[in-house]
Amino acid sequence: MLRIYFTSEDLARVRVAPGPDFLWEISNSVQTLQRRDGTRVFGQWRQWARPRLSDSGRLLSSLLPPHGYSPDFLTPTTGDRGSLQAAVDTLMSAPRRRLRADLAQLAASRHLPNWASPLAVGDTASLRRLGRAVHAYHLEALAPFWQHIHAHIDADRTLRLHSLRDGGTEGLLSGLGPQFRWRPPVLEVAYPIDHQLRLRGRGLTLQPSFFCWPTPITLADAELPPVLVYPIHHAPDWARPARGGGRAPDGTGPLGPLLGHTRAALLREARDGCTTVQAARLLEVTHPAVSQHIKVLRAAGLVTTVRNGGRSFHVATAQGRALLDTADAAEGIGLR
């Protein structure tokens, strides 16, 4: 059990991360790749990814075991989730004391390769090797799915912000899911070991993660900026790499079926997130009609759906929001 202790100041400083964190997704996916559970969700991706990995996967897996401790320096707080290079730069600038302490703790539970010794003292060549491995692994295992990963994390974030709007910070913490229990002023979290995190006015960043599995994760060192990484919901058939082109035989591509006022209105409602029930009421159509239109929008990559408490929650993806913005801009300058 993980117990996170809040003060009144901490409750005012809870935030939901603005998007996926490159290094958390890389670390979590390396660990998930080595596990055998979660086959329904990750089995297809594992079969796809394993034969495609170069030495990068083996290098990272030696530092990221599937169970137990993993080094905090591999998931630093970067402040820039839009750039993998910025995240890697932060990783490579880790203080030597952090490298030394983290790798010593890892070595206490598993045998480390020879190159870990120079890495522990901040050897430049070893850090560059690690940085190249991170880039290579992301390209090989995650990049083909990154648009999908981003869309699902955006959807989860929108869901959390709705909880925050409706119930305040306590409503947000109470609605995180069955692995969490809010007992003011303590958030209890399903966790493989007993661990305590006292926020002491520093607040807490909630980081939704696509590859976090099966329980939430936090940093081992309680003195680092507090973050709680938690698993999001995803459908079991998500592991289909993005393909170029994607045009239908009639030449219209996936946007062809979107012509029509109802789908356009539904996409607009999904900009800020809506449930099937809300959409049906606002658009004055039946629930099955909403579901069918959402299916088309989702196939076109314009909407994603998350499920929470028995409800389907639909959120426009970055591509869907861009399409709406373009339409709004065109209307604003009188284009038809």
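The model is a predicted one, and the values below were computed from it. The chain has 336 residues, of which 48% count as buried, and its secondary structure comes to 13 helices and 11 strands. When contacts between residues at least 6 apart in sequence are considered, 71% of them join residues at least 24 apart. The accessible surface of the chain comes to about 16,500 Å², and 53% of that surface belongs to carbon and sulfur atoms.

In soluble globular proteins, nonpolar side chains tend to be buried together. In this chain the largest nonpolar core has 64 residues, and the residues with the most contacts inside that core are Ile 4, Trp 45, Tyr 137 and Leu 187. Helix α8 gives the most to this core, with seven residues.

Tyr 137 has its place in helix α8, and with a relative accessible area of 1% Tyr 137 is buried. If residues up to four places away in sequence are not counted, the residues that Tyr 137 touches include Ile 26, Val 30, Leu 33, Trp 45, Leu 60 and Leu 142, as well as Ser 29, Ser 56 and Gly 57. Leu 53 is also one of these contacts; although Tyr 137 and Leu 53 are 84 residues apart along the chain, their C-alpha atoms are separated by 7.0 Å.

**Aromatic pairs**

The count of aromatic pairs comes to eight. One of them is formed by Phe 42 and Phe 211, whose rings are stacked, with 5.6 Å from centre to centre and 25° between the planes. This pair links distant parts of the chain, since Phe 42 belongs to helix α3 (residues 39–49) while Phe 211 lies in the loop between β6 (204–209) and β7 (217–218), 169 residues apart. Phe 42 counts as buried at 0% relative accessibility, and Phe 211 is likewise buried, with a relative accessible area of 0%.

Another pair is that of Trp 48 and Phe 145, whose ring centres are 5.0 Å apart and whose planes meet at 85°, so the pair is edge-to-face. Because Trp 48 lies in helix α3 and Phe 145 in the loop between α8 (124–142) and α9 (146–174), the pair ties together parts that are 97 residues apart in sequence. The table gives the relative accessible area of the residues in these two pairs.

| Residue | Relative accessible area | State |
|---|---|---|
| Phe 42 | 0% | buried |
| Phe 211 | 0% | buried |
| Trp 48 | 17% | buried |
| Phe 145 | 1% | buried |

Trp 48, at 17%, is still counted as buried because the term applies under 20% relative accessible area. Ring pairs also link Phe 42 and Phe 211 with Trp 45, Phe 210 and Trp 213 into a cluster.

**Other local features**

A charged group also meets an aromatic ring in this model: the charged end of Arg 198 sits over the ring of Tyr 5, 4.0 Å from the centre of that ring.

In helix α10, which covers residues 261–269, the residues Arg 263, Leu 266 and Leu 267 are buried. Seen down the axis of α10, the buried residues fall within an arc of 100°, and therefore they line one face of the helix.

Conventions: Residues numbered from 1 in each chain as written. Predicted model: local features only at pLDDT ≥ 70, side-chain atom pairs only at ≥ 80, totals over all residues. Heavy atoms only, no water. Helix = DSSP H or I, 4+ residues; strand = E, 2+ residues; numbered from the N terminus. Buried < 20%, exposed > 50% of the residue type's maximum accessible area, 1.4 Å probe, protein only. Contact = heavy atoms within 4.5 Å. Areas by Shrake-Rupley, 256 points an atom, 1.4 Å probe, with all protein chains shown as cover. Arc of directions from axis to C-beta. Phe/Tyr/Trp six-rings, centres within 6.5 Å; stacked < 30°, edge-to-face > 60°. Lys NZ or Arg CZ within 6 Å of the ring centre and 35° of its normal. Core = buried A, V, L, I, M, F, W, Y, C linked by side-chain atoms within 4.5 Å.
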